[in-house]
Amino acid sequence: MKSIFKKIPIIKRAYPSIFKKILKILKIWKINYNYFNVVFCLDINEPMDKEILFFDDYEIKQINYLIESIKKNKIDYFIDVGANSGLYSLILAKKFKHLKIKSFEPIESTNLKFKKNLSLNPTINNIESFNFGLSNNNTKLLMKAYKKNDYIQKGGYGVATKNEDLSNLHTEYAFFKKADDILILLNKHILIKIDTEGHEKKILDGMSRIISENKTMIQIEIFDKNFETVHNFLKNMQFKIINHIKSDNKTDYFYSNY
């Protein structure tokens, strides 16, 4: 029912605002909430968490598509790049006990939230999480995030670019590694989700061996300005687009090499 509210503009704007004000008056900032049969600790200041709490509708189409793809393609491994607080990893881990999950999140505070969510679901034991990101080098990179009323948006972190104006943003450094240096996978069926706010090409550069030596499906969010570069790279690696899903003013593309 709540997902219908999201489709009505006036309710989409007013309903979360009213609900949030009530919670603030009650001094309730965090709520444990069941989404896809997984318990998450949701923060009313976090955009992604608000979508779940207020509308029960955050990337439902993408998640359901991956669930069907895992069933259809007998996926062995799920690699979650930009895992954030563990939404995808936890949902897929709960759904598929056989699935081996490797989750990468470079921001310490976000990784702690991931661990909190994992602790709320003690029956889930097929996730290995890493507190570093993936890139084309083993290095330390400057990260940026939106900041409002002293709250730093955990889901909005991205790698800062050269000459970018960072004066109104929160910044901190985080560690990154090449996937090809740390993961040994050969002749497996793997699914990779990449959601990294513009860093996708460098991540793919750093995992070129993995994606070429396995039957690989990739869900990747690509900014319009980066689409041609990322698409051409994957095309040259013998990948083709098999689907795309638009939601919340962004597009997730799905590629496969089989």
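A polar contact is taken as a pair of N or O atoms within 3.5 Å; within protein, one must be able to donate a hydrogen and the other to accept it, and residues adjacent in sequence count only if both atoms are side-chain atoms. The model is predicted: local features need pLDDT of at least 70, side-chain atom pairs count only at pLDDT 80 or more, and totals for chains, interfaces and linings use all residues. Residues are numbered from 1 along each chain as its sequence is written, and side-chain values use heavy atoms, with hydrogens and water left out.

The side chains of Lys-102 and Glu-128 are joined by a polar contact of 2.6 Å. Lys-102 belongs to strand S4 (residues 100–104); helices (H or I, at least four residues) and strands (E, at least two) are DSSP runs, numbered from the N terminus. With a relative accessible area of 19%, Lys-102 is buried (buried means under 20%, exposed over 50%, partly exposed in between; 1.4 Å probe, protein chains only).

Six aromatic pairs are found in a search of the whole structure (ring centres of Phe, Tyr and Trp, the last by its six-membered ring, within 6.5 Å; planes under 30 degrees apart are stacked, over 60 edge-to-face, the rest tilted). One of them, Phe-104 with Phe-130, is stacked, at 4.7 Å centre to centre and 10° between the planes. This pair links distant parts of the chain, Phe-104 in strand S4 and Phe-130 in strand S5 (residues 127–130), 26 residues apart. Phe-104 is buried at 0% relative accessible area, and Phe-130 is buried at 17%. Ring pairs link Phe-104, Phe-130 and Phe-132 into a cluster.
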